[in-house]
Each structure stands twice: as structure tokens, then as C-alpha cells.
Amino acid sequence: MKYQENIYSRLFNWGKLLLPAKCIKYFPPSFVLRDPIIHQVEKAMKNGYEVTVVVIDIINLHRIKQQLEVRDFLEYIRFLKKSFRATIQSLDISNEFMAIHDFSPNSLTMFIKWKQGTECLPLLDDLIKSIIHNVERVFRETGRVQPVFNSGYMFIEKKYTYLQDAIQTAYELALAMAHKRSDTEFNKLVHELSDIVAHKRICLLAQPIMDVETNKIHACEMLTRGPKGTALENPLQLFSLARQTKFLYDLEMIVLEKAFEQIQHTKWKHNIFINFTPVTIGNPRFIKDIKNVIRRFKGISPQKITIEITERDSFEGLEHFSNNLKVLRMIGFLIAVDDTGAGYASLHSISEIMPDIIKIDRSVIQNIDKNSVKESMLKGLLLIAKEVGSVVVAEGIESAEEASVLSKNKVDLAQGYFYAKPTSLSDHLQIS
């Protein structure tokens, strides 16, 4: 019996499991961070990356252990490790993966870096789903006992005095998301998010979208922040939690309502861009709810509102998406495809949606003055936009050199820190 207990104990200390040595750092089987991971996270953050901790929990591993003999369970664990290793390697994402380990007996923990802001959330969701789906498929095909997975993730905050504390906090919250336990910080965060939604405790900042030729404000995009001084002030934390707890629709509808309130209060005359995920637009309640907002703010024309659809989220399989999009157009809203060039097949999205506005992702624009291939991509997207009849907005402009390339190629509109940082909508009235 003692021999079997020792084997089980060793099985749960997996360690050093998934990626080749060149792609991954290894750590002891308890959550004790060593200098390598802290150094990697610190370096990634200094280089402008966001770092997220992802926990994939195997919720039925203990039951599987009870069903199998010791030798069979040992083989099961080996096969599970092999399946994860093969899946991750097949996805060819080693540049984003920083580390992976088993800090909890029944789960795997991954550290992933992202260059984007909140637009990386659908990519992260899809990545986690792909890993889990592929491993589940392998187990179905081989006829083995099916593992059941839960997942959770949280981004590492940059405001902590000690980075190790920030990493530890992110890990604990990601684990709580995966476990959905009643005795963890998970419920505190869910309660806080529920309170934010119930009392609409968000604020909106506005970032100008400039006319490249005249250098005057053409529109503003509304950007969301959680309650100041809280863990959810950061939009990355706010929306990542909302996506994992089914509050996303309510949160995005509050953003719409708050945007209308600010337009009314400031008497803003230009266009306003508001971001929506396809799943929100495809919600059967969406048109009814948006009409209610329009009735409340009768003085605001829908023609002054542009609905931005993130191109990083897929709209395939959303039953009401296409019809809701048609109704939005009939009401008078303009439609923009966001993140073009960075997510799902851009040409497919553009051909399906036929947007009024195409927003080109900053990954195409960044350092475009030093990269002829990126300028060629820009020219190609401009040709597509001309064929569709769409106006083009270039996002993420951070230098005069990048702006000059846009001017040379006669890009319509541009947005980025080079022109203005996000601030209150009223601040832009003086320069509009």
C-alpha cells in the first residue's frame, strides 16, 4: 500500500512535461517561483507585452485514478502529457509560450505573452479551446477514459511593487476561475463584477480618430475602464473576467448606454465608435435592447454611431448575427470591421459583412515606415476597401514616420498615441 501511495504521489508531481527545452522553463512541483520565470515576465512586460496565466484543470482526474489500476493510471498520465505536448507543438505558438507547469496536482499552468491589449482576449479564448478540443479528440479516437477540463486565466498586473506577488495573485485567480470554487477569490471578483454591472460602475474614455489629410478630429472611439482603484479598473482584467463569467453581453450594453449619455451630455457632433463582440451582436435580445437605448436618447441619430465588430472573434455559427446586422443598418448605424489583418480570415469577414469602415490593425501599421512588406499589405487592404466601398482607419499610429506612410498612401483616417491618448470626451470638444 505504501508503494502505491508513493507512486501516486510521484504521478501528481508531473514537472517538465510539455514543450522542448528551448521553448520552456521548468519549475518545482509547488508554486515557488524562481528567478527565470520572474525574469521572463519582467522582460516581456518591459517590451510591451501583456502576460497571462492560464490554468487548465482536469476535474475528474481523481475519479479516473480510482477506476484504473496503478500501472494503467501511470500509462494514462503519460499519454495525457504526450497529448498536451503534441497539441501545443502542433499549434506552432512557441513564440508566445513562456512556460508551462503543474503547480496544482490536478492542473496545468501556462504563461503566455501577448502584444495586444483587450483585443487579445478572443485569441486567448480560442487558443485554450483549441488545446482542450485537440486533447479531447485524441482521447476519443483512442477509446480512453475521457478527461474533463475546466480553464481559467488572469493577466498579471503591472502595478504591483513586487512582481512575484503579482504573478502569485494572477495564478490564484486563474486557478479559482478554473475551479469555480465557493471558497476562493473567484466569488469575490464575480461579486464585484456583478456589482459593477448592476450599478453600471464603469467609465468611458475617448480616443480621437483623425482625418489624415486635414489633421482634424473625424470621430472618437469609446474605451472602457472599470471602477478607479479596483482590480477591475484595467480593461484587460474587466473584459477577461466578463468573458469567463457570462457578463460580457451586459457589460457591452452598459458601454453603449454610457456612450449615449456622454454624447448627450457633451453635445458631441462627430461620429462615435463603440466596440461589440460578434456574440453580443448575435444575441437574440440585442436589437430589442439597442432600440430601447435609442428611444431613451431620441436626440442622438444612429447615423452618428459606428458599431465596431472585432475581427479577432468569429461570427460563424451565431444564428442571429447576420439578421441583427441587417437591422442595425436599416436603423442607420454604420458598421466597422475592427482588427483587420490580425485575426480570422480578413477577406472572408469583409466579404460577409461588407462594412462601411475597415479598421486596419496596429500589427500591420507598427514600424510600417521600416517595412516594405507591411506597406504592401496596407496597399492591398486599401484596394480591397475601395472595391467594397469602405472608408479605412489605420490604428496604433505612434510616430510621425508611420503617419507619413499613411499620408503618402492616402489613408482616410488614423488613430493612435501619435495623435492623442484616450481621455474624456469633453476634452476633445475644444480641438474638434
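1. The largest nonpolar core contains 129 residues, and Ile156 and Leu328 have the most contacts inside it. A nonpolar core is here a set of buried Ala, Val, Leu, Ile, Met, Phe, Trp, Tyr and Cys residues joined through side-chain atoms within 4.5 Å. Buried means under 20% relative accessible area, exposed over 50%, and partly exposed in between, with a 1.4 Å probe and protein chains only. Helix α6 gives the most to this core, namely 11 residues. A second, separate core has seven residues, among them Ala219, Phe273, Ala336 and Val393.

2. On the basis of the work: this is a predicted model, in which local features need pLDDT of at least 70 and side-chain atom pairs count only at pLDDT 80 or more, while totals for chains, interfaces and linings use all residues. Residues are numbered from 1 along each chain as its sequence is written, and side-chain values use heavy atoms, with hydrogens and water left out.

3. Leu328 deserves a separate entry. Apart from its neighbours within four places in sequence, Leu328 is in contact with Ile281, Phe286, Ile287, Ile290, Ile307, Phe333 and Ile335; contact means heavy atoms within 4.5 Å.

4. An open sheet is built from four strands in the order β2-β3-β1-β4, with antiparallel pairing. Strands (E, at least two residues) and helices (H or I, at least four) are DSSP runs numbered from the N terminus, and two strands pair if DSSP finds at least two bridges between them. The edges are taken by β2 (97–101) and β4 (149–155), each with a single partner strand, so one side of each has no neighbour in the sheet. Neighbouring strands of the sheet are turned by 15 degrees against each other on average, direction ignored. The antiparallel strands β2 and β3 (residues 107–114) are joined by four bridges, and Ala99 has Phe111 as its bridge partner in β3.

5. Two helices are to be noted beside these strands. Helix α6 (residues 163–179) packs on the sheet and touches β1 (50–58), β3 and β4, its direction making about 150 degrees with that of β4. Helix α8 (residues 235–244) lies across β1 and β4 and runs at about 165 degrees to β4. Axes are lines fitted to C-alpha atoms, for helices over the stretch in contact, and angles run from 0 to 180 degrees between N-to-C directions.

6. Asp57 is located in strand β1 and is buried, with a relative accessible area of 5%. Leaving aside neighbours within four places in sequence, the contacts of Asp57 are Asn106, Ser107, Val148, Phe149, Asn150, Ala178 and His179.

7. Phe149 also takes part in an aromatic pair. The centres of the Phe84 and Phe149 rings are 5.6 Å apart and their planes stand at 90 degrees, so the pair is edge-to-face. Rings of Phe, Tyr and Trp (its six-membered ring) pair if their centres lie within 6.5 Å; planes under 30 degrees apart count as stacked, over 60 as edge-to-face and the rest as tilted. Distant parts of the chain are linked here, since Phe84 belongs to helix α4 (residues 70–90) and Phe149 to strand β4, 65 residues apart. Phe84 is buried at 1% relative accessibility, and Phe149 is buried at 9%. The whole structure holds seven aromatic pairs, and Tyr76, Phe79 and Phe139 form one aromatic cluster.

8. A further group of strands pairs in the parallel sense. Strand β6 (residues 217–225) pairs with β7 over three parallel bridges, five bridges join β7 (residues 271–276) to the parallel strand β8, and five join β8 to the parallel strand β9 (residues 334–340). Cys220 has Ile272 as its bridge partner in β7, and Ile272 in turn has Ile305 as its partner in β8. Phe276 stands opposite Ile309 in β8, while Ile309 stands opposite Val337 in β9.

9. Within this group, β7 is mostly covered, five of its six residues being buried. Six of the six residues of β8 (residues 305–310) are buried, so β8 is largely enclosed by the rest of the structure. In a regular strand the side chains alternate between the two faces of the sheet. From β8, Ile305, Ile307 and Ile309 point one way and Thr306, Glu308 and Thr310 the other, and all are buried.

10. The structure has zero disulfides, a disulfide being a pair of cysteine sulfur atoms within 2.5 Å. Cys203 is partly exposed at 37% relative accessibility, whereas Cys220 is buried, with a relative accessible area of 0%.
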